[in-house]
Amino acid sequence: MTKTRIISGRALGACALMAAAGVAGAVIGLPEYIARTAIQVAESCLDAPEDETRCRFVGGPLQMAGAPVFLENFHHAFLPTSAKIDFLDAKGETWTAPPQTLTDGATIPPIFAPLVGDRQSREYLMAAALHDAYCGVGNEGLETWQTRPWEEVHRMFYEALIVNGTPPQKAKLMFAAVYLGGPRWDDPERSLEGVDEAALIEEMKWCLDWIAENNPSADEIEAWMRKREGALKASIVAGPDYADTADPRGQ
């Protein structure tokens with residue numbers, strides 16, 4: 001996220017702000033201008049004030065129609081959605097789950113289910129359907145399939161969880177699970193294919209403990225993953241240095 005650079009003293013900055021507010025206020029009103037400015041610097045929907053152009057669903061609640069679909073290697077049914085759902089994230093970008101998106105309402109990798117808990121609560125369903133539209137099994141024929149980078153898709157899932165009413169701490173746990181165990185397409189350098197399942201579970205346990213103790217931001221959770229991926233791929237079994245994992249730059 002690009003931040004405005006301070007190029008002069010406090011007084012000049014205040015004058016510039018008032019001038020900008022005056023021009024904008026003539027068109028949209030000062031309170032609305034301030035709200036829009038605030039949301040532009042919000043890191044996520046958790047931080048964003050109410051705004052009609054950010055952090056909201058268009059459509060919903062989730063509607064399912066049609067016969068259940070059973071996919072290979074899955075013992076449960078998937079259901080197709082019957083209506084389009086759009087989601088506007090913290091940046092104002094639109095994400096879409098088209099009609100006929102297959103979803104089981106449980107986008108969390110199965111290996112992490114015992115750690116994360118219930119994966120099919122009502123507060124997860126629309127976020128799960130959106131995530132499935134971009135990378136869920138059975139949706140390879142959708143126009144949305146893997147059209148955005150995997151990191152952005154998993155981050156969208158977190159934002160949609162927050163807006164859908166998932167408690168922030170729970171949303172962070174689910175985001176960490178998807179980020180660590182979810183698909184990573186078009187990015188062979190960061191692929192975790194071949195990493196031992198037991199090692200992934202152990203890493204997830206460490207991450208969940210860290211989230212519970214420190215309540216990190218989504219950026220800090222991503223930084224955790226970047227720092228730990230090398231050890232995972234090298235089969236190095238070593239607990240994290242908790243004091244060195246909260247750098248959101250991943251450096």
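The axes of helices α6 and α8 come within 11 Å and cross at roughly 35 degrees. An axis here is a line fitted to C-alpha atoms, for helices over the stretch in contact, and angles run from 0 to 180 degrees between N-to-C directions. Helices (H or I, at least four residues) and strands (E, at least two) are DSSP runs, numbered from the N terminus. The crossing of α6 and α8 is right-handed; in such a crossing the near helix is turned clockwise from the far one by less than a right angle. From α6, the contact uses K172, F175, A176, Y179 and L180. From α8 come A218, I221, E222, M225, E229 and L232. Contact means heavy atoms within 4.5 Å. By class, these residues are eight nonpolar, no polar and three charged. Ala, Val, Leu, Ile, Met, Phe, Trp, Tyr, Cys and Pro count as nonpolar, Asp, Glu, Lys and Arg as charged, and the others, Gly among them, as polar.

This is a predicted model, where local features need pLDDT of at least 70, side-chain atom pairs count only at pLDDT 80 or more, and totals for chains, interfaces and linings use all residues. Residues are numbered from 1 along each chain as its sequence is written, and side-chain values use heavy atoms, with hydrogens and water left out.

Now follow α8 to another partner. Helix α7 (residues 197-214) and helix α8 (residues 218-233) have axes that come within 12 Å and cross at roughly 150 degrees. That makes α7 roughly antiparallel to α8, a label for angles over 145 degrees. This crossing is right-handed. On the α7 side, the contact includes W206 and W210. The contact of α7 with α8 has 10 nonpolar, no polar and three charged residues.

Next, look for the largest pocket. A pocket is an open set of points on a 1 Å grid over the protein atoms alone, where a 1.4 Å probe fits, with protein on both sides within 12 Å along at least five of seven lines. The largest has a volume of about 790 Å³. Its lining has 35 residues, and P109, P110, G181, G182 and P183 lie nearest its centre. Lining residues have an atom within 4 Å of a point. Helices α4 (125-135), α6 (168-181) and α7 each give two or more residues.

Finally, turn to the backbone. Most peptide bonds are trans. The bond from G60 to P61 is cis, with omega near 5 degrees. P61 sits in the loop between β1 (56-58) and β2 (69-70).

Definitions and conventions: Parallel < 35°, antiparallel > 145°, perpendicular 65-115°, else oblique. Points joined across faces, edges and corners; volume = space filled by probe spheres on them.
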